[in-house]
Amino acid sequence: MHKFILVIILLSVILSFGAGESCKYLWLGIGSRTLALGNSGTSLSDLPWAPFYNPASVSQRGKFSLAGGNQFLALGRKLYFASVASEIYDGAGIGLTWIHSSVSDVEARNTDGEKVGTVANGEDAIFFAFAKKPTNNIHLGIGVEYVQSSIENITTGTAGLGAGISYRIKSPDITIGLSAQNLFMNISWNSNDYYGMGNVSNEQISPVFRGGVSYRGSVGEYPFLICGDLWQFSSTALSYGMGVEFSPMAQLTLRAGFSDGYPSAGIGIHTKIGKMSLVGIDYAVVPEKEELSIKHIVDLIIEY
């Protein structure tokens, strides 16, 4: 019966996160702003989620930032995340991003179809990044990643590397970013301790290669941003996203974009409170490709 329960969980994960590949939540995207912009973040220099999208960007912030968010998903799925990034000295910065993904309250049934309880699975990923500015226009970053997955009470983990580069042209204000994540990561499942007899199954976590470009300008006194990304997470899967961001007033930002033909939209409200240079709430609405309910993403960002 345990094996049957395990199969139910595996099917739930595959259906819920659109996979067929391990840890696909690692390239679905995080953050309200980036998802509203079509999941484009590789070239954004002021992104709190830089350790996830491009390790090189953590040295471009010039300030301390703390952010957390949650995606409200259908079918009992959970996906939430938090990040911290800061400049540590002139031209260098560090960042840390944590992502949690899980499916809870999955019905467990025996071979006769009778419900025998509920089970859950969980996955966590940690991205650490260090970046340095060797010249005025170039930022180089390296990342270390750790992923842990649990199915019923079988837990496994693996570590890997990431890297990125960011190049900025100041006039016109264009930034180009390239990154590679999930490098050299293989996850190994050993069911022997659970069943008393079992097998070892090895799975490769597909690396993610991203490239992006962004342009900043203004219409009169109102700033805007146009950005786009291409990313590949297997030999046959190439995705794209584009977005535009416009600030009609200092505290308000409007966003719209699309990714692989699916539209997205969002809004950001930011203000100054005391010694904090910025406190903001970002919201995005994004349809899911599997024709599930529309997902809503909410973030809270604090900068000093």
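Q: What is the mean pLDDT of the protein chain, and what share of residues reaches 70 or more?
A: The mean pLDDT is 85, and 86% of the residues reach 70 or more.

Q: Which elements have the lowest and the highest mean pLDDT?
A: Helix α1, residues 2–16, has the lowest mean, 41. Strand β13 has the highest, 97.

Q: And residues 1–20, how many contacts does that stretch have beyond near neighbours in sequence?
A: There are 42 such contacts in the model, although the pLDDT over residues 1–20 is below 50. Where pLDDT is low, the predicted coordinates should not be read in detail.

Q: Turning to β13, how does it pair with β12?
A: The two strands run antiparallel and are joined by 7 bridges. They form a hairpin through 2 residues. One of the bridge pairs is M249 with L252, the latter in β13.

Q: What about β13 with β14?
A: That pairing is antiparallel as well, over 8 bridges. T253 has G268 in β14 as its bridge partner. The hairpin between β13 and β14 has 2 residues between the strands, and D260 in the turn has a positive phi of about 50 degrees.

Q: Which residues lie nearest the centre of the second largest pocket?
A: They are D46, E245, T253, H270 and L278, out of 25 lining residues. T253 is also the residue whose bridge partner in β14 is G268.

Q: What volume does the second largest pocket have, and how does its lining divide by class?
A: Its volume is about 570 Å³. The lining has 9 nonpolar, 6 polar and 10 charged residues.

Q: Now cavities: how many of 30 Å³ or more does the search find?
A: A search of the whole structure finds 1. The largest cavity holds about 60 Å³ of space.

Q: Which residues line the largest cavity?
A: The lining consists of L26, W27, F52, Y53, F127, Q181, N182, V208 and R210. Two or more of the lining residues come from each of α3 (50–53), β7 (173–183) and β10 (208–219). By class, the lining has 6 nonpolar, 2 polar and 1 charged residue.

Q: Which way does the F184 phi go, positive or negative?
A: The phi of F184 is positive, about 60 degrees, although F184 is not a glycine. F184 sits in the loop between β7 and β8 (186–190).

Q: Is F184 buried or exposed, and why?
A: F184 counts as exposed because its relative accessibility is 67%, over the 50% cut-off.

Q: What is the phi of N39, and where does that residue lie?
A: N39 has a positive phi of about 65 degrees and is not a glycine. The residue lies in the loop between α2 (32–36) and α3.

Q: Buried or exposed for N39?
A: N39 counts as buried because its relative accessibility is 5%, under the 20% cut-off.

Q: Where is Q60, and is it buried or exposed?
A: Q60 is in the loop between α3 and β1. At 17% relative accessibility, Q60 counts as buried.

Q: What is Q60 in contact with, leaving aside its neighbours within four places in sequence?
A: Its contacts are S45, H139 and S166. The C-alpha atoms of Q60 and L44 are separated by 9.3 Å, and the two residues are 16 apart along the chain.

Q: How do β1 and β2 pair?
A: Strand β1, residues 65–72, and strand β2, residues 77–89, run antiparallel and are joined by 8 bridges. G68 stands opposite A82 in β2.

Q: How many residues lie between β1 and β2 in the hairpin?
A: There are 4 residues between them, and L75 in the turn has a positive phi of about 65 degrees.

Note on methods
Residues numbered from 1 in each chain as written. Predicted model: local features only at pLDDT ≥ 70, side-chain atom pairs only at ≥ 80, totals over all residues. Heavy atoms only, no water. 1 Å grid on protein atoms, 1.4 Å probe; cavity = no way out; pocket = protein on both sides within 12 Å on 5 of 7 lines; lining within 4 Å. Points joined across faces, edges and corners; volume = space filled by probe spheres on them. Nonpolar A, V, L, I, M, F, W, Y, C, P; charged D, E, K, R; others polar. pLDDT = per-residue confidence, 0-100. Contact = heavy atoms within 4.5 Å. Pairing = 2+ DSSP bridges. Buried < 20%, exposed > 50% of the residue type's maximum accessible area, 1.4 Å probe, protein only.
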